[in-house]
Amino acid sequence: MKARAPLLVALAVLLLPLVFMDLRTYLTLTVAGLAMGMLIFLVAAGLTLIFGLMDVLNFAHGALFSWGAYAGFSAAVLLERRWGWAASPSVAANGLLLLAAIAVAVVVTVGLGVLLERIIVRPVYGQHLFQILITLGATIVLEELIRIVWGPNDQVMPVPATIQGSWDVADVVVLRVPVVAIGLGLAVYAGMQALLNRTRIGLIVRAGVENGEMIQVMGHNIYRYFTGVFAAGSALAGVGGLMWAIFSQSVRPTMGGEQLIFAFIVVIIGGLGSVTGSLVGALLVGLSYNYVAYLVPKAAIGVTMALMVIVLLLRPTGLYGAAK
Amino acid sequence: MDTTILEVEDLHTHIGQHHILQGVSLRIRPDAVTVLLGRNGAGKTTTMRTIMGVLHPTRGAVRFDGRPIHHLPPYEIARLGIGYVPEGQGIFGTLTVDENLRVAALAEDAASGRRLKQILDLFPDLDRFRHARAATLSGGQKQMLSIARAFVNPNRLLLIDEPSKGLAPIIVLHLVDALRAMKQHATVLLVEQNFAMASALADDFYLIDDGRTVRHGSMASLAADHELKKKYLGI
């Protein structure tokens with residue numbers, strides 16, 4: 001019962017905006033909010049495990065988000081120029097383009113993630129200040145590299161025709177891209193839960209999140225697991241970046257940094273190291289941001305901060321965080 | 001040379017600026033229980049943590065079966081066959097009892113299954129609460145789980161840090177029985193403040209004071225030496 005309490009309270013609060021708007025607007029905003037939440041979740045899920053498992057503050061996570069977006073963007077542009085897969089009315093061609101873009105984003109960000117962890121993060125284990133400095137430094141380098149490779153300006157992301165436009169469901173306009181984002185987010189969440197709860201690697205990672213020293217004196221090489229978690233987290237950030245590029249139909253070099261702040265807030269709201277906490281936190285942030293942006297546009301950024309403050313006042317360890 | 005499973009030679013360990021161990025030397029006989037005694041802050045836990053590789057010594061050596069291990073990371077030391085039951089138990093509270101035991105088992109084979117059954121016979125409570133989250137266990141049950149985790153693997157040496165801390169006397173009696181059963185299977189290095197428990201279990205003792213080993217000998221000789229007990233243990 002106690003575990004469900006935060007969820008029930010959250011649901012009740014999320015119905016509140018209905019008082020101020022009609023149902024159709026509410027549903028449109030809800031879909032948009034859930035989609036935004038899912039994209040933030042992709043970024044936050046990696047961040048929470050990286051921080052939970054090794055106590056590493058990774059500010060380069062946002063740069064991986066941008067790199068995933070640009071890598072996927074390049075793949076999509078290439079396929080569109082060559083064979084016109086994005087504009088093509090064929091669902092198969094559209095799907096292949098999307099899959100290829102995701103695959104390229106994953107490969108590139110996993111590679112970058114492993115390099116970052118081995119070269120930059122490993123020497124500064126246990127030293128938060130150095131972690132912040134060096135990962136911020138890496139962010140600057142990675143962002144500048146994007147400017148060198150792809151140029152400094154915004155570019156238009158080719159979006160597959162199948163997921164452009166909207167469906168009309170009982171007079172409610174449902175945009176397709178957000179639905180795809182929601183589906184992808186749920187699939188990632190289900191996959192992570194299965195991996196964490198049903199495999200031995202997941203068991204060791206969960207134990208390591210709670211007590212990293214104990215897992216080492218039991219004979220598990222936590223560094224090896226951590227490299228894997230870092231790579232997986234990087235891949236999630238990359239996929240999140242790509243989905244964000246499709247969602248906003250554009251890519252730009254600073255896109256990752258903007259999302260990172262949301263992701264950190266979500267990690268804190270959800271509780272460090274908790275994937276479920278990240279999902280709930282991300283959805284809360286996405287939904288409340290969209291409701292408030294419609295009702296009181298100027299307060300939209302503030303509401304995420306307010307949400308964090310309220311959660312921390314009620315539960316200092318976050319919604320699902322275990323006290324360490 | 002007499003047989004020694006673990007040898008600690010003139011160990012010095014710093015924690016931050018503090019010079020905690022200033023010359024700890026131990027020779028642990030195989031198949032015996034050796035207890036480390038000394039006041040709070042004498043360096044008993046630091047000795048254990050240095051042996052386990054969690055802390056790195058600034059001087060001195062640790063040898064297991066004659067092989068130096070003090071430069072190895074903790075996970076390699078553990079895989080040599082050294083089990084560690086830390087002070088405060090180190091239980092994974094968000095995991096179930098069963099998951100705690102499974103994460104500890106380095107090989108899930110027939111032998112570890114047999115050892116698991118043995119340990120669950122010793123601690124029937126663990127079997128009963130097998131699917132409960134470990135955070136919901138009582139202090140005594142958590143201690144049993146922590147010891148059980150170290151016993152799941154075919155460890156030849158168990159380092160057990162203050163198992164009786166914070167437990168009710170009746171639970172301590174049960175622990176003494178369980179540890180007695182375990183000494184059939186492994187060499188034990190024990191830190192224990194409870195002198196009654198220490199003398200019930202230990203064959204040998206080492207006395208640590210201000211980060212140095214000052215005395216050692218057989219437990220029987222210490223029990224008779226009131227002067228020594230008074231000077232270093234205040235009893």
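This is a predicted model: local features need pLDDT of at least 70, side-chain atom pairs count only at pLDDT 80 or more; totals for chains, interfaces and linings use all residues.
**Entry 1: chain A overall**

I counted 12 helices and four strands in chain A, where helices (H or I, at least four residues) and strands (E, at least two) are DSSP runs numbered from the N terminus. The radius of gyration of chain A is 20 Å, close to the 20 Å that the globule rule gives for 324 residues, so chain A is as compact as a globular protein of that length; the radius is taken over C-alpha atoms, and the rule is 2.2 Å times the number of residues to the power 0.38. I read the span of its C-alpha trace along the principal axes as about 60 × 50 × 35 Å. Of the contacts in chain A with a separation of 6 or more, 78% are between residues 24 or more positions apart, a contact being two residues whose C-beta atoms, placed from the backbone, lie within 7 Å.

**Entry 2: chain B overall**

For chain B I found 10 helices and 10 strands, and 43% of its 235 residues count as buried. A compact globule with 235 residues would have a radius of gyration near 18 Å, and chain B has 17 Å, which agrees. Its C-alpha trace spans about 45 × 40 × 35 Å along the principal axes, and residues 24 or more positions apart account for 68% of the contacts with a separation of 6 or more.

**Entry 3: where the chains touch**

I then turned to the interface, in which 15 residues of chain A are in contact with 17 residues of chain B. On the side of chain A that touches chain B, α7 (200-210) and α8 (212-217) each supply at least two residues, and α7(A) gives the most, with five residues.

**Entry 4: the nonpolar core**

Which residues touch the most other members of the largest nonpolar core? Of its 173 residues, these are A:Ile40, A:Leu42 and B:Leu159, a nonpolar core being a set of buried Ala, Val, Leu, Ile, Met, Phe, Trp, Tyr and Cys residues joined through C-beta atoms within 7 Å. Helix α2 (residues 23-54) of chain A gives the most to this core, with 20 residues. Not counting residues up to four places away in sequence, A:Leu42 touches A:Gly185, A:Val188, A:Leu236, A:Ala237, A:Val239, A:Gly240 and A:Met243.

**Entry 5: α6 of chain A**

I followed α6(A), whose 23 residues reach 32 Å from first C-alpha to last, close to the 33 Å expected at 1.5 Å a residue, the expected span being 1.5 Å times one less than the number of residues. Its buried residues are A:Val177, A:Pro178, A:Ala181, A:Leu184, A:Gly185, A:Val188 and A:Met192, and they pack against α2, β3 (172-175), α9 (222-248) and α11 (275-295) of chain A. A:Ala181 counts as buried because it has 27 C-beta neighbours inside 10 Å. Leaving aside neighbours within four places in sequence, A:Ala181 is in contact with A:Ala35, A:Met38, A:Leu39, A:Met243 and A:Phe247.

**Entry 6: α7 of chain B**

The 14 residues of helix α7 (residues 169-182) of chain B should span 20 Å at 1.5 Å a residue, and the end C-alpha atoms are 20 Å apart, which agrees. Its buried residues are B:Leu175, B:Leu179 and B:Met182. They cover an arc of only 50° around the axis, which puts them on the same side of α7(B); the arc is that of the directions from the helix axis to the C-beta atoms. On the other side of α7(B), I found B:Pro169, B:Ile170 and B:Asp177 exposed.

**Entry 7: two positive phi values**

Most residues other than glycine have a negative phi. A:Gln249, in the loop between α9 and β4 (250-251) of chain A, has a positive phi of about 55° and counts as exposed, with 12 C-beta neighbours inside 10 Å. B:Glu162, in the loop between β7 (157-161) and α7 of chain B, has a positive phi near 45° and is buried, with 23 other C-beta atoms within 10 Å.

How values were computed: Residues are numbered from 1 along each chain as its sequence is written. Chains are lettered from A and ligands numbered from 1 in the order in which they are written. A residue is buried if 20 or more other C-beta atoms lie within 10 Å of its own, exposed if 12 or fewer, and partly exposed in between; C-beta atoms are placed from the backbone.
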